[in-house]
Amino acid sequence: MEMQLAHAVATDVGRVRDQNEDAWLAVPAGRLFAVADGMGGHAAGEVASRLAVETLADALEGAPPVDPDSAGSELGRAVLEAGRRIHEQAERVPERRGMGTTVTALRFLEGGQALLVHVGDSRAYRLRDGGLRRLTRDHTWVQEQLDRGLISEAGARRHPASSVLTRALGTEPRVEPDLVEVDWRPGDVFLLCSDGLTGPVEEGDIARALRDSPDPESAAAELVRLANQGGGPDNVTAVVVRVATEPTSEAAGPRPARGGSAAQA
Ligand code: MG
């Protein structure tokens with residue numbers, strides 16, 4: 001089954017922050033998409049998130065992967081290398097000490113398979129037959145409390161410590177990513193997003209925006225609008241990828257792109 005991917009990205013600084021430290025990556029030819037949410041003072045977060053997506057692009061931008069095993073180890077290696085580069089800079093440059101980033105990357109393979117690699121609290125979702133499924137587990141203190149049954153889903157989303165990460169890329173010399181195998185079918189819509197979306201916007205509203213939008217462009221724009229309507233407490237980034245049901249004129253484009261800020265996007 002030959003896959004046709006249509007994608008769009010929307011990113012925004014939000015209504016509270018004065019810089020956008022999210023970064024994103026969209027390489028249709030390599031069937032590779034990613035979002036990263038950087039942290040650290042003196043704009044170091046922006047450096048970290050950009051280093052993450054640039055390292056992934058450098059490592060994986062070539063031909064699409066052929067088999068899941070090699071694709072999985074390639075993806076895992078690329079994320080480890082990104083973490084190593086970020087940590088190295090954080091150690092070397094005093095203003096960047098302690099910087100880190102989340103990264104959530106999705107790579108489509110032939111035959112209905114895809115691979116997700118993930119560190120932190122940026123998320124991946126899949127909309128199928130109208131139902132939204134979360135594909136990643138947050139590496140957060142709050143998620144751990146949730147797993148132990150100490151707080152509820154509703155309590156987790158509004159928790160004051162909701163942004164405290166238990167794993168971030170670059171904060172240690174070596175941070176292991178989660179690697180998740182997922183499947184795709186024609187008609188599926190995948191979403192990669194930073195917590196600037198999932199903090200202020202309920203999953204039911206995310207599902208509705210993905211379901212009701214005619215194309216990835218309007219879906220991504222609507223998600224950013226919802227985040228800002230919800231107060232825009234953080235930078236927000238949405239990468240929306242639709243697996244087309246039939247060949248479309250979008251198959252050859254849009255051109256590969258990557259970005260680290262609203263201005264570049
Ligand atoms: Mg964030």
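Asp37 touches Glu21, Asp22, Ser49, Gly100, Thr101, Thr102, Ser122, Ser194, Asp195 and Asp234, leaving aside residues up to four places away in sequence. Contact here means heavy atoms within 4.5 Å. The model is predicted, so local features need pLDDT of at least 70 and side-chain atom pairs count only at pLDDT 80 or more, while totals for chains, interfaces and linings use all residues. Numbering runs from 1 along each chain as its sequence is written, and side-chain values use heavy atoms, with hydrogens and water left out.

Asp37 is found in strand 3, residues 32-39. Helices (H or I, at least four residues) and strands (E, at least two) are DSSP runs, numbered from the N terminus. Asp37 is buried yet has no salt bridge. The nearest side chain of opposite charge, Arg17, is 6.3 Å away. Buried means under 20% relative accessible area, exposed over 50%, and partly exposed in between (1.4 Å probe, protein chains only). A salt bridge requires a side-chain nitrogen of Lys or Arg within 4 Å of a carboxyl oxygen of Asp or Glu. For charge, Lys and Arg count as positive and Asp and Glu as negative; His and the chain ends are not counted.

The chain as a whole holds 7 helices and 12 strands. Of its 265 residues, 52% count as buried. Among contacts between residues at least 6 apart in sequence, 71% join residues at least 24 apart.

The largest pocket has a volume of about 640 Å³. Of the 33 residues that line this pocket, Asp121, Ser162, Ser163, Asp195 and Gly199 are the closest to its centre. Grid points are joined across faces, edges and corners, and the volume is the space filled by probe spheres set on the points. Strand 3, strand 7 (123-128), helix 3 (141-147), helix 4 (153-157), helix 5 (195-198) and helix 6 (203-212) each supply at least two lining residues. The lining divides into 10 nonpolar, 10 polar and 13 charged residues. In this count, Ala, Val, Leu, Ile, Met, Phe, Trp, Tyr, Cys and Pro are nonpolar, Asp, Glu, Lys and Arg are charged, and the others, Gly among them, are polar.

Trp141 lies in helix 3. Its relative accessible area is 35%, and it is partly exposed. Trp141 touches His159, Ala161, Val164 and Thr166, not counting residues up to four places away in sequence. Trp141 and Ala161 are 20 residues apart in sequence and 7.5 Å apart in space, C-alpha to C-alpha.

Side chains of opposite charge can pair when their charged atoms come close. The whole structure contains 21 salt bridges. Arg85 forms one with Asp58, the closest N and O atoms being 3.7 Å apart. Arg85 lies in helix 2 (residues 68-92) and Asp58 in helix 1, so this pair ties together parts that are 27 residues apart in sequence. Arg85 is partly exposed, at 29% relative accessibility.

A salt bridge also joins Glu74 and Arg107, at 3.0 Å from N to O. Glu74 belongs to helix 2 and Arg107 to strand 5 (residues 103-108), so the pair links parts that are 33 residues apart in sequence. Glu74 is partly exposed at 28% relative accessibility, whereas Arg107 is buried at 1%.

Glu153 and Arg134 meet in a salt bridge of 3.6 Å, N to O. Glu153 lies in helix 4 and Arg134 in strand 8 (residues 131-134), so the pair ties together parts that are 19 residues apart in sequence. Arg134 is partly exposed, with a relative accessible area of 23%. Salt bridges that share partners join Arg123, Arg134, Asp138, Glu153 and Glu203 into one network.

Backbone geometry was also examined. Most residues other than glycine have a negative phi. Arg31 has a positive phi, near 50°. Arg31 is found in the loop between strand 2 (22-27) and strand 3, and is buried, with a relative accessible area of 12%. Phi of Ala43 is also positive, near 65°. Ala43 sits in the loop between strand 3 and helix 1 (44-60). Ala43 is partly exposed, with a relative accessible area of 22%.

Technical notes. On a 1 Å grid over the protein atoms alone, a cavity is a set of points where a 1.4 Å probe fits but cannot get out, and a pocket is an open set with protein on both sides within 12 Å along at least five of seven lines; lining residues have an atom within 4 Å of a point.
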